[in-house]
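Subject: The structure I promised you

Hi there,

Here is the structure I said I would pass on.

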Amino acid sequence: MIKGKPGNMTPGSTKETLDAISMKYFTRLSEELIQGKFNFTPTRRIMIPKGPGKTGERPLSIASPREKIVQKALALILETIYEPLFSDNSHGFRPNRGVHTALKQIHLKGGNFTWVINGDISKCFDSIPHKIIMKLLSQQISCHRTLELINKSLINPAILGKKVIPSHQGTPQGSIVSPILSNIVLHEFDIFCDKLKDTFEIGTKRRRNPKYHSLSNSRSKSSNPLLRADHLQKMMEINATDPQDPNFRRFMYVRYADDFVILTISSQTDAFTIKRKITDFLKNHLGLDLSIEKTTIANVKEGFNFLGAHIEKRDKVIVPVNINQGGEDRLKGRQRRTRR
């Protein structure tokens with residue numbers, strides 16, 4: 001799992017790699033973990049370009065290849081505990097899920113929605129407060145050694161050149177444990193959106209469109225073929241039900257890592273109210289900020305971008321076009337595109 005991936009063989013702040021590793025090392029490592037004496041060495045910090053279409057750089061922390069064994073073990077333990085608890089609306093950094101399962105969910109279920117809130121959490125990985133992470137972990141994990149070890153991985157400093165950079169918040173980008181830790185925190189957001197959906201949705205079906213049904217009644221009573229054809233043409237141009245029915249609302253939520261969309265059947269005012277509620281929740285409960293610049297509200301008919309795909313509404317079906325292939329490789333900057 002570690003040595004098989006070339007990137008995991010890159011040295012950290014020391015020259016130590018997996019070469020010449022022996023059972024003696026694992027015996028000593030086991031004893032240190034059981035006794036709580038294991039400590040991570042500082043990671044090596046490098047700056048890499050941001051993703052496709054973005055300017056600037058982002059930090060990447062490179063741990064010792066041998067210490068990645070400990071990180072991987074922690075990740076497997078956390079995955080065993082939390083994977084059964086995670087939401088079906090969460091797709092990032094999870095087994096058998098990815099960009100395309102998120103887009104498929106939107107494609108299959110999003111065709112009837114009218115407004116989209118396209119959200120982005122500002123510097124999510126770098127900003128999650130450590131106390132929030134540890135508080136949530138302690139709700140499911142009682143082993144103090146495990147909690148202590150995860151906390152050590154969070155507060156572990158990084159070395160950039162000759163400068164030591166302390167870690168006061170966030171999960172290091174590049175750590176094997178970071179993706180699932182971020183999912184554990186954002187699972188609280190998933191739960192919040194599920195509750196928001198329950199309180200938001202009303203009505204069993206839209207009310208009838210009076211104009212449509214007036215045309216339908218007039219057409220059925222008329223024996224004039226020209227009039228019937230004219231009414232049929234007009235009926236095809238409008239909805240049979242009232243798309244502005246205030247007593248019918250629906251809500252759909254999909255998240256991939258720190259990117260998410262919320263689709264609604266509602267008014268634009270309702271969409272702005274939802275945006276305000278999720279902004280408050282992220283700030284007050286998770287210590288995170290919704291990116292004002294990157295979070296948008298638009299009519300679904302205008303199309304929107306999500307996970308490297310431009311999504312359009314065609315004949316009441318949402319269709320992803322211009323998709324970045326490669327699943328999570330999207331986050332590494334690959335831009336292979338194909339037409340769907």
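Below is what turned up, topic by topic.

First, some ground rules. This is a predicted model, so to speak of a local feature we need pLDDT of at least 70, and side-chain atom pairs count only at pLDDT 80 or more, while totals for chains, interfaces and linings use all residues. Residues are numbered from 1 along each chain as its sequence is written, and side-chain values use heavy atoms, with hydrogens and water left out.

**Rings**

Let's start with the aromatic pairs, of which the structure holds eleven. Rings of Phe, Tyr and Trp (its six-membered ring) pair if their centres lie within 6.5 Å; planes under 30 degrees apart are called stacked, over 60 edge-to-face, and the rest tilted.

Take Phe38 and Phe40: this pair is edge-to-face, at 5.0 Å centre to centre with 85° between the planes. Are these two buried or exposed? Phe38 is buried, at 6% relative accessible area, and Phe40 is buried too, at 10%. (Buried means under 20% relative accessible area, exposed means over 50%, and partly exposed is in between, using a 1.4 Å probe and protein chains only.)

Phe93 and Phe125 also make a pair: their ring centres are 6.3 Å apart and their planes are at 80°, so this one is edge-to-face. It links distant parts of the chain, 32 residues apart: Phe93 is in the loop between helix H2 (67–82) and helix H3 (99–109), and Phe125 is in helix H4 (residues 124–127). (Helices, H or I with at least four residues, and strands, E with at least two, are DSSP runs numbered from the N terminus.) Phe93 is partly exposed at 30%, whereas Phe125 is buried at 14%.

Ring pairs also join Phe189, Phe192, Tyr253, Phe260 and Phe281 into a cluster.

Two arginines sit over rings as well. Arg66 lies over the face of Tyr25, 5.1 Å from the ring centre, and Arg249 lies over the face of Phe200, at 4.4 Å. (To count, NZ of Lys or CZ of Arg must be within 6 Å of the ring centre and within 35 degrees of the ring normal.)

**Salt bridges**

Side chains of opposite charge can pair when their charged atoms come close. How many salt bridges does a search of the whole structure find? The search gives eight, where a salt bridge is a side-chain nitrogen of Lys or Arg within 4 Å of a carboxyl oxygen of Asp or Glu. Here are three of them to look up:

- Glu83 and Arg94 meet at 2.6 Å, N to O. Both lie in the loop between H2 and H3, so the pair ties together parts that are eleven residues apart in sequence. Arg94 is buried, at 7%.
- Arg145 and Glu148 have their closest N and O atoms 3.5 Å apart. They are three residues apart in helix H6 (residues 144–155), so about one helical turn separates them. Arg145 is partly exposed at 30%, as is Glu148 at 31%.
- Asp230 and Lys234 have their closest N and O atoms 3.3 Å apart. Being four residues apart in helix H9 (residues 225–236), they too are separated by about one helical turn. Asp230 is partly exposed at 33%, and so is Lys234 at 39%.

On a 1 Å grid over the protein atoms alone, a cavity is a set of points where a 1.4 Å probe fits but cannot get out, while a pocket is an open set with protein on both sides within 12 Å along at least five of seven lines; lining residues have an atom within 4 Å of a point. Grid points are joined across faces, edges and corners, and a volume is the space filled by probe spheres set on the points.

There are two cavities of 30 Å³ or more. The largest cavity has a volume of about 90 Å³, and its lining includes Phe40, Ser153, Pro172 and Ser175. The second largest cavity is about 30 Å³, and among its lining residues are Ser153, Pro172 and Ser175.

Of its 23 lining residues, the closest to the centre are Thr114, Asn239, Pro243, Lys301 and Lys313.

Happy browsing!
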